[in-house]
Amino acid sequence: MPLADKLVSSFLAFELDINFQSPVHNIRTNAIKNFEKLGFPSKKLEDWKYTSLNKVLKEDYTLFSKKKNVLDFKNVKDFFLDNTESYKIVFVDGFYDPFLSQTSHDGIDICIMSAALTKSKYSSIIKKYFNTSVDKNESFSQLNTAFSKEGAYVHIPKNIILEKPIEIIHFATGNESALMLQPRNLIVIEESSQAEIIETHQSLTENPIFTNSVTEIFVAKNAHLDYYKLQNDRLSSSLIDNTYISQKRDSNAKIHTFSFGGKLTRNNLNYFQKGSYINSTMKGITIIDDNQLVDHHTLVDHTRPNCESHQDYKGIFSGNSTGVFNGKIIVNKIAQKTNAFQQNNNILLNDKSTINSKPQLEIFADDVKCSHGCTIGQLDQDALFYLRARGIPKKEAEALLTYAFANNVLESVNIPGLKSRIKKIIANKLNVKLGFDL
Amino acid sequence: MLTIDNLHVSVEGKPILNGINLDVRAGEIHAIMGPNGSGKSTLSLAIAGNEDYEVTKGDIIYKNENILELAAEERAHKGIFMSFQYPIVIPGITVTNFIKTAINANLRARNEDEMPANKMLKKIREKAELLEINSQFLSRSLNEGFSGGEKKRNEIFQMAMLEPSLSILDETDSGLDIDALKIVANGVNKLKNKDNAVILITHYQRLLDYIVPDYVHVLHEGKIVKSGGKELAHELDEKGYDWIK
């Protein structure tokens, strides 16, 4: 049975199995109807022109893992931040793992969606935020909503500066021959609060894993969020990530997306600015090889005056890999004095890799500063000669320049443990033997 | 140390140097002067081993070895250094990390052990002081946002770190104010000894007030048309280049 049919037909049983009385019952029911209507996107759609899902969708995925697998911390500790105190919300094959997690209800809520969707003390927040920012016409988001049950739930009330980052990790163990996961995360940062979050999807198996993740983020007035997506999964895993961020006035939300692993990764990153003096920042580094594909689709919707958005995506492609960058910026008529910047720079290390880069600017206001730039090229030959003239051999010089190109994006990463880990991954990916400490 | 014999160099098929002869011995400073387009930078890039500069005829003999077939990095390993007229900006790698990488690459190429971190640090401090470079500067990205003077000082700092036998300073004085020029010249003078040699490529005589050459050569249309002592530089400064052609 095709995956779409299998999903639709399993919906009823899924709903009966969880709480039929749940307030989100109607939301789920509408979502499955939307999905049934939309189906999976094909390459005929403009938004999916360069990304074919055929190979990912043809697997016979188990939709719900049958048994809870237990992971030993010492076997997975490399996937956690090193030498860094943190809150942890950990899932294994879609189930919450209380042993690996470190949650909190101490004036804040750092816990799980299955509790938030069912317990009455969370119902006001769920009612106010859950599924309010999701695109009704985006098939994967609708599918995820229909099966929304588990994921991370973070609610930081007013005037709290979290002193520790939150790590959200979704592990897959491979106890099913092929597994589909649909985590659903909700992050609410209230007025004048600050938080740092790191999200990882990590398979521990060569069995195919297909993750369809949706994260809704709400950043209130004067609040500040730094969110890091570390995508360094195995080549047997694919990820569709839909993230929706709604920002209120004077807020600042930064999302870094580090895409190194996975077979197919699609990031739909959507920013909705709902006030003035908002700052939205998107940064990304993609380094892929072999037959990997990473597709970034960003959207920034400027709806009020005096806001900023900054996008800086870099890509390094080798092997038969494919990159896609589609950056859409909408500046509504009343959004005067908008500053919107978008930059997408790519290096193709051979002639078999591909990058498709497309800016999409829809500007209806007249007093704005918008810029976009895209480069696709090889390494700078003058820079290469400069390094070689200092005695650095050609291969090493090439690796160093590539490393420097990517490294530049890391300046805005504020968690030292994360920064050094990513530097190591980059050096490793690029096969750089660096003559200095990372 | 260096013998250039009847050197002809073309760039993209166009002949730029048309038979250069030059002899540089250890302990000497040679100035190569000439108007724009005379081939000064081409000469330095050809010696440093830039592959875009094709040697069509003649030889470059360095320490009794023909180096024409050597790659740029191999020439560097043998002690040839070139200070760039336009140093390259490389965001994402700091001055310190760049020089560490370069030093260790050179040591590895000479089958020597890499320099221990504490020794490296000490040397960096010492040479930075010589060129009046502060530590904040060393942790900035290579040449990114540097003023003209900072870029040139950074070049001479690298020269001080690498301790080459033959240094070619390509228009090191351009873009420098008088204070920066004095710092750079002082650095070069302090690094100079009886075992190494310097080739100064310059358009103006100004630099030669601070780094006094043993020989001055005038380059015109890809040939050395006149050679002399340091007084030749003054003559050129007064009369310009026209009388020589």
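Predicted model: local features only at pLDDT ≥ 70, side-chain atom pairs only at ≥ 80, totals over all residues.
Local features are described here where pLDDT is at least 70 and side-chain atom pairs count only at pLDDT 80 or more, whereas totals for chains, interfaces and linings use all residues. Residues are numbered from 1 along each chain as its sequence is written, and chains are lettered from A and ligands numbered from 1 in the order in which they are written.

**View 1. An open antiparallel sheet in chain B.** Four strands of chain B are arranged in the order S2-S1-S4-S5; strands (E, at least two residues) and helices (H or I, at least four) are DSSP runs, numbered from the N terminus. Two strands pair if DSSP finds at least two bridges between them, and strand S4 (residues 53-62) of chain B is joined to S5(B) in the antiparallel sense by two bridges. In this pairing, B:Glu65 of S5(B) is the bridge partner of B:Tyr62. Strand S2 (14-24) and strand S5 (65-66) of chain B are at the edges with a single partner strand each, so one side of each has no neighbour in the sheet.

**View 2. Strand S9 of chain B and its parallel partners.** Five of the five residues of strand S9 (residues 166-170) of chain B are buried, a word used where 20 or more other C-beta atoms, placed from the backbone, lie within 10 Å of a residue's own, whereas exposed means 12 or fewer and partly exposed lies in between. In a regular strand the side chains alternate between the two faces of the sheet. In S9(B), B:Leu166, B:Ile168 and B:Asp170 point one way, while B:Ser167 and B:Leu169 point the other way. Strand S6 (residues 80-83) of chain B runs parallel to S9(B), joined by four bridges, with B:Ile80 opposite B:Leu166. Strand S10 (residues 197-202) of chain B is also parallel to S9(B), through five bridges, and here B:Asp170 is opposite B:Ile201.

**View 3. The two sides of helix H4 in chain B.** Helix H4 (residues 117-130) of chain B has 14 residues and spans 20 Å from its first C-alpha to its last, close to the 20 Å expected at 1.5 Å a residue, where the expected span is 1.5 Å times one less than the number of residues. Its buried residues are B:Ile124, B:Lys127 and B:Ala128. Seen down the axis of H4(B), these buried residues fall within an arc of 105°, so they line one face of the helix; the arc is that of the directions from the helix axis to the C-beta atoms. The face turned away from them carries the exposed residues B:Asn118, B:Lys119, B:Lys122, B:Glu126 and B:Glu129.
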